[in-house]
Amino acid sequence: DTRPGYQQKAFDPETFRNRLGLVVSPDGAEGSLTILQDARIWRGSLTPGSEASFDADANKKYWLQVARGTVT
């Protein structure tokens with residue numbers, strides 16, 4: 001029996017400047033919020049011309065949500 005939970009945390013915006021930072025994970029890795037699912041959510045704020053990457057698992061599905069601008 002898993003009870004519903006709620007977490008809230010303020011992240012320093014500088015943590016995500018020109019890099020991807022983990023904000024949600026199943027195990028609270030890297031100071032992220034914990035979710036009871038096999039899912040990870042990263043956040044990034046990239047300046048034009050900058051790059052960010054992470055190691056993708058070929059056995060997982062991924063979704064990229066762009067809030068502003070374009071990505072190549």
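1. Before anything else, a quick term: helices (H or I, at least four residues) and strands (E, at least two) here are DSSP runs, numbered from the N terminus. With that in hand, keep in mind that this is a predicted model.

2. The protein has three strands and zero helices, and the elements read β-β-β from the N terminus on. The C-alpha trace spans about 45 × 30 × 20 Å along its principal axes. Of the 72 residues, 11% are buried. As for contacts with a separation of 6 or more, 32% come from residues 24 or more positions apart.

3. Now the sheet. The three strands form an open sheet with mixed pairing, in the order β2-β1-β3. Because β2 (33–34) and β3 (41–44) stand at the edges with a single partner strand each, one side of each has no neighbour in the sheet. β1 covers residues 20–25 and pairs with β2 in the parallel sense, over two bridges. If you want a spot to look at, Ser25 stands opposite Thr34 in β2.

4. Two backbone angles are worth a click. Asn18 has a positive phi, near 60°, and is a residue other than glycine. Asn18 sits in the segment before β1 and is partly exposed, at 30% relative accessibility. Glu30 is not a glycine either, yet its phi is positive at about 55°. You'll find Glu30 in the loop between β1 and β2, where its relative accessible area of 67% makes it exposed.

5. On to the charged pairs: the structure holds three salt bridges. One of them joins Glu14 and Arg17, whose closest N and O atoms are 2.8 Å apart. Both ends are partly exposed: Glu14 has a relative accessible area of 47%, and Arg17 has 43%.

6. What does Arg40 form a salt bridge with? The partner is Asp27, with the closest N and O atoms 3.8 Å apart. Arg40 lies in the loop between β2 and β3 and Asp27 in the loop between β1 and β2, so the pair ties together parts 13 residues apart in sequence. The salt-bridge cut-off is 4 Å, so the 3.8 Å of this pair falls within it. Arg40 is partly exposed at 39%, whereas Asp27 counts as exposed at 52% relative accessibility.

7. There is also a salt bridge between Asp38 and Lys60, with 2.6 Å between the closest N and O atoms. This pair links distant parts of the chain, since Asp38 is in the loop between β2 and β3 and Lys60 in the segment after β3, 22 residues apart. Asp38 counts as exposed at 63% relative accessibility, while Lys60 is partly exposed at 35%.

8. Next, the surface. Trp42, Phe54 and Tyr62 make a nonpolar surface patch of about 290 Å². Trp42 belongs to strand β3 and is partly exposed, with a relative accessible area of 33%. Patch residues need over 30% relative accessible area, so Trp42 at 33% passes that cut-off.

9. Last, a look at Gly5. This residue lies in the segment before β1 and counts as exposed, at 73% relative accessibility. The C-alpha atoms of Gly5 and Ile35 are separated by 8.8 Å, with the two residues 30 apart along the chain.

Technical notes:
Residues numbered from 1 in each chain as written. Predicted model: local features only at pLDDT ≥ 70, side-chain atom pairs only at ≥ 80, totals over all residues. Heavy atoms only, no water. Pairing = 2+ DSSP bridges. Patch = residues over 30% accessible without salt bridge, like charges linked within 9 Å, V, L, I, M, F, W, Y side chains within 5 Å. Areas by Shrake-Rupley, 256 points an atom, 1.4 Å probe, with all protein chains shown as cover. Salt bridge = Lys/Arg side-chain N within 4 Å of Asp/Glu carboxyl O. Buried < 20%, exposed > 50% of the residue type's maximum accessible area, 1.4 Å probe, protein only. Contact = heavy atoms within 4.5 Å.
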